[in-house]
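The following exercises are to be worked through with the sequence and the model at hand. Each task is followed by its solution in steps.

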There are 2 protein chains.
Amino acid sequence: MTDDATLQAVLGRIDDGLDAARERWFAFLRIPSVSAQPVHAADCRAAAAWARDALAGLGFDAAVRETAGQPCVVGHHPGPGGTARHLLFYGHYDVQPAEPLDLWTAPPFEPVISQGPRGARVTARGAVDDKGQVMTWLEAFRAWHAETGGLPVRATVLLEGEEEIGSPSLDAFLAANREELRAETAVIADTNMWDADTPAITTRLRGMAYVQIDLRGPGRDLHSGLFGGAVLNPINALTKILGDLHDAEGRVQIPGFYDGVRALSAEQQREWASLGFDEPGFLAAISLSQPAGEAGRPALERLWARPTADLNGIWGGYTGVGSKTVIAAEAHAKLSFRLVAAQDPTRIIDGLKQFVEARRPRDAQITYQVFASSPGIEVPTDSPFVTAARAALADEFGRPAVLIGSGGSIPVVASFRSVLGMDSLLVGFGLDDDQVHSPNEKFDVRCFHNGMRAYARLIGKLAA
Amino acid sequence: MTDDATLQAVLGRIDDGLDAARERWFAFLRIPSVSAQPVHAADCRAAAAWARDALAGLGFDAAVRETAGQPCVVGHHPGPGGTARHLLFYGHYDVQPAEPLDLWTAPPFEPVISQGPRGARVTARGAVDDKGQVMTWLEAFRAWHAETGGLPVRATVLLEGEEEIGSPSLDAFLAANREELRAETAVIADTNMWDADTPAITTRLRGMAYVQIDLRGPGRDLHSGLFGGAVLNPINALTKILGDLHDAEGRVQIPGFYDGVRALSAEQQREWASLGFDEPGFLAAISLSQPAGEAGRPALERLWARPTADLNGIWGGYTGVGSKTVIAAEAHAKLSFRLVAAQDPTRIIDGLKQFVEARRPRDAQITYQVFASSPGIEVPTDSPFVTAARAALADEFGRPAVLIGSGGSIPVVASFRSVLGMDSLLVGFGLDDDQVHSPNEKFDVRCFHNGMRAYARLIGKLAA
């Protein structure tokens with residue numbers, strides 16, 4: 001445990017250096033490191049190099065390391081030696097595609113600061129997910145380094161560049177560098193607070209299976225007058241198949257989809273009910289008013305403990321201005337499932353294929369591309385790391401942290417457990433209105449600031 | 001009736017001038033007059049000017065005439081005067097969009113000649129629909145003009161530039177110029193032969209209603225992890241609605257859709273059955289093998305006498321490379337109905353709206369854009385014009401013409417009847433494998449040549 005004077009000096013450095021920290025954050029955001037789009041491959045490498053250099057400047061032995069895809073960045077800081085805690089800080093330098101560009105109020109890779117309902121905020125692709133969150137612990141390192149010349153814990157850093165495309169190269173990288181990367185726990189800042197005043201530790205994450213379905217019919221596009229009524233229409237066929245995905249109660253109709261999914265315990269239901277989730281407000285913030293999803297379950301249960309099937313994209317035929325009387329040769333959809341711990345992503349994808357095959361017109365040729373497959377996860381809530389994080393967050397925010405779930409997927413948590421035999425501590429500072437993955441993604445400067453301070457405190461709590 | 005020597009001389013001019021005719025046709029094809037795409041507005045005007053100049057060179061009093069949209073071209077040739085027949089030759093100079101461009105073997109607006117299974121063919125957008133077909137009668141005029149210094153019939157020409165987007169300005173133009181445009185019959189070359197050896201006169205056309213459905217849900221794109229399972233997904237909602245369009249027997253489920261649609265007479269069924277339509281061959285040519293559409297009806301009945309509901313385009317969410325875990329704010333579809341004579345397009349569109357509204361999630365906002373609304377039509381088969389056309393076609397091809405239906409829509413036929421009180425004679429020279437509206441649209445040179453000659457003969461048959 002760090003003495004209070006040192007901690008206060010570290011926190012003072014964060015407060016005094018806020019503007020400079022923001023400039024570094026902006027430099028990181030200006031790199032359009034979109035992993036899904038091959039045109040941005042060089043930008044991904046530039047973001048990795050930027051992070052390596054930042055770590056090297058803080059006393060880390062840091063390097064850009066090749067994978068089968070975008071490179072990782074790995075850094076090692078020895079800390080004070082001896083019995084010091086060893087933590088693996090994980091994040092990702094890649095970001096989601098910025099499209100549709102015309103809905104941004106400013107170019108997505110030119111961060112701008114403006115006033116929001118909670119004070120200053122920064123708008124850019126990656127502002128929060130995950131560059132802004134990564135900066136919270138990176139700047140905490142910087143303050144410790146500046147004040148004490150080092151860190152009071154042993155720290156390994158792992159940044160990957162393919163999180164937004166399902167981390168296809170990460171497991172192999174972890175397996176190939178198992179001894180180097182293993183620590184006592186992973187620390188991950190890619191999650192949200194409960195609200196702007198209430199810090200949270202996330203102990204439950206949904207997994208994901210992401211599949212593209214390509215349906216092909218006629219060998220070429222056809223005139224809908226000359227052929228309509230006598231030939232397979234791929235868009236009609238695909239919508240008919242996908243229209244069956246849910247029943248009238250919002251339950252997913254894929255065979256075996258809910259196998260093994262457990263009902264929430266009464267205690268868990270009570271705990272989440274006590275959070276007083278404002279479902280009407282949650283919906284109103286996105287211009288909606290009606291609960292959706294599985295009928296008869298509370299919203300937090302639907303978001304944190306129930307699996308989903310969401311179409312993320314669909315396309316086929318003529319999509320331009322006006323009309324074209326065409327029967328398209330092909331139709332396509334991107335479909336993802338958010339999964340809970342009991343579900344096996346491989347069996348879910350197999351079930352999808354059975355579901356589609358049972359509805360496939362004989363003339364339709366269907367292929368599948370799997371872009372992600374990771375299980376849901378629950379992490380233990382009684383570790384020394386969760387205990388330290390609860391204390392650090394309570395000190396920073398003046399109120400207890402809540403233990404929550406997240407509907408989002410962080411597949412690396414499953415990989416850390418299965419490949420490195422290590423659990424994760426999930427402490428992040430995003431808010432529900434951050435527009436993650438959407439146009440005008442933002443991060444409140446207040447959250448950024450609290451996040452840096454909270455990570456400085458956590459490092460202090462875990463100091464030898 | 002023309003004397004045979006004159007006719008043979010006219011036909012000889014067509015045969016001798018084939019290469020020169022093809023050069024004129026190519027010049028017309030090189031103008032990318034895509035009416036659906038605003039970027040091609042000037043090209044549409046250029047195509048109109050080209051046609052005006054061509055008519056002026058053949059003794060027509062011709063002009064480009066403004067409408068609310070793309071202009072029309074109108075030309076008048078007095079013919080021999082007296083009791084000469086008065087025909088209105090109608091066509092369109094606009095073409096379908098050429099997309100998807102990457103499927104063309106050569107640029108769509110650079111016509112190329114190559115060898116196909118029936119000899120030389122010309123590939124370009126508009127090769128047959130409708131520039132190539134328009135050229136058949138325009139070149140017949142040219143041969144008559146060259147041989148006799150005029151035409152043996154009175155001819156009015158009307159070319160429009162918005163046929164491929166549903167002719168939004170045509171009815172107003174017809175109404176405003178009713179006296180000028182009215183003739184004894186319209187003559188339209190925008191239809192097919194029965195096969196490459198068998199000429200046809202089309203007496204039955206399907207109409208069309210074309211609607212774009214725009215469904216809006218959340219006020220912005222959402223992260224599917226943070227929101228999935230608790231909010232309306234517009235793509236899920238749209239596919240669920242549209243997946244209900246047909247029942248398992250292929251019948252359209254819109255309320256009142258089949259109201260008034262009559263069963264085919266036994267005689268009509270026998271006549272079409274006698275054509276020996278090769279359904280397996282029709283399907284194999286487009287890489288299919290299974291009959292589709294309404295179960296239990298012959299293919300020609302499904303194509304010519306039964307209405308359809310075909311999705312022509314669908315889009316929403318992320319459609320790029322790889323994955324994006326987004327719940328899109330919007331989803332869109334283009335849907336068209338091919339209609340038969342008994343159906344009222346307005347009632348069909350109202351029925352669609354009822355159908356969608358009955359399935360609309362309460363949070364979904366849905367708007368409709370109507371791009372076309374025209375009834376199906378049947379034209380009389382006992383007119384002097386049909387009689388003359390049967391004779392001209394039999395002379396040219398050495399076998400009788402068959403009276404057929406067409407699944408395609410030529411809304412102007414309905415407009416000529418309702419606005420000008422005039423029926424239409426539909427004689428065209430397209431073939432089923434012309435790839436109309438598709439990449440690599442083509443027109444066989446043999447069909448082009450027979451078409452010019454057949455129109456020269458028809459003009460002769462109708463001569464005073």
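**Exercise 1.** In what order do the three strands E4, E5 and E18 of chain B form an open sheet, and in which sense do they pair?

*Solution.* The model is a predicted one, in which local features need pLDDT of at least 70 and side-chain atom pairs count only at pLDDT 80 or more, while totals for chains, interfaces and linings use all residues. Residues are numbered from 1 along each chain as its sequence is written, and chains are lettered from A and ligands numbered from 1 in the order in which they are written.

Step 1. The order is E4-E5-E18 in chain B, and the pairing is antiparallel. Strands (E, at least two residues) and helices (H or I, at least four) are DSSP runs numbered from the N terminus, and two strands pair if DSSP finds at least two bridges between them.

Step 2. The edges of this sheet are strand E4 (112–116) and strand E18 (442–444) of chain B, each of which pairs on one side only. On average, neighbouring strands are turned by 35° against each other, direction ignored.

Step 3. Strand E5 (residues 119–123) of chain B is joined to E18(B) over three bridges in the antiparallel sense. Here Val122(B) stands opposite Phe443(B).

Step 4. Helix H15 (residues 445–461) of chain B lies across E5 and E18 of chain B, at about 60° to E18(B).

**Exercise 2.** Determine how strands E15, E8 and E16 of chain B are arranged.

*Solution.* Step 1. These three strands form an open sheet in the order E15-E8-E16, with mixed pairing. Strand E15 (377–378) and strand E16 (402–406) of chain B are the edge strands.

Step 1. Strand E8 (residues 200–205) of chain B and E16(B) run parallel and are joined by five bridges. Thr202(B) stands opposite Ile404(B) in E16(B).

**Exercise 3.** Describe the packing of helices H1 and H4 of chain A.

*Solution.* Step 1. Helix H1 (residues 4–16) and helix H4 (residues 131–148) of chain A pack at an angle of about 120°, and their axes are 9 Å apart. Axes are lines fitted to C-alpha atoms, for helices over the stretch in contact, and angles run from 0 to 180 degrees between N-to-C directions.

Step 1. The angle therefore makes H1(A) oblique to H4(A). Angles under 35 degrees count as roughly parallel, over 145 as roughly antiparallel, 65 to 115 as roughly perpendicular and the rest as oblique.

Step 2. Residues of H1(A), including Ala9(A) and Ile14(A), meet residues of H4(A), among them Ala143(A) and Trp144(A). Residues are in contact if their C-beta atoms, placed from the backbone, lie within 7 Å.

**Exercise 4.** How many residues of chain A are in contact with chain B?

*Solution.* Step 1. The contact involves 84 residues of chain A and 84 residues of chain B. E11(A) gives the most to the side of chain A that touches chain B, with eight residues.

Step 1. E11(A) pairs with strand E11 (residues 310–317) of chain B in the antiparallel sense over five bridges. The bridge partner of Ile314(A) is Gly316(B).

Key
Two residues are in contact if their C-beta atoms, placed from the backbone, lie within 7 Å.
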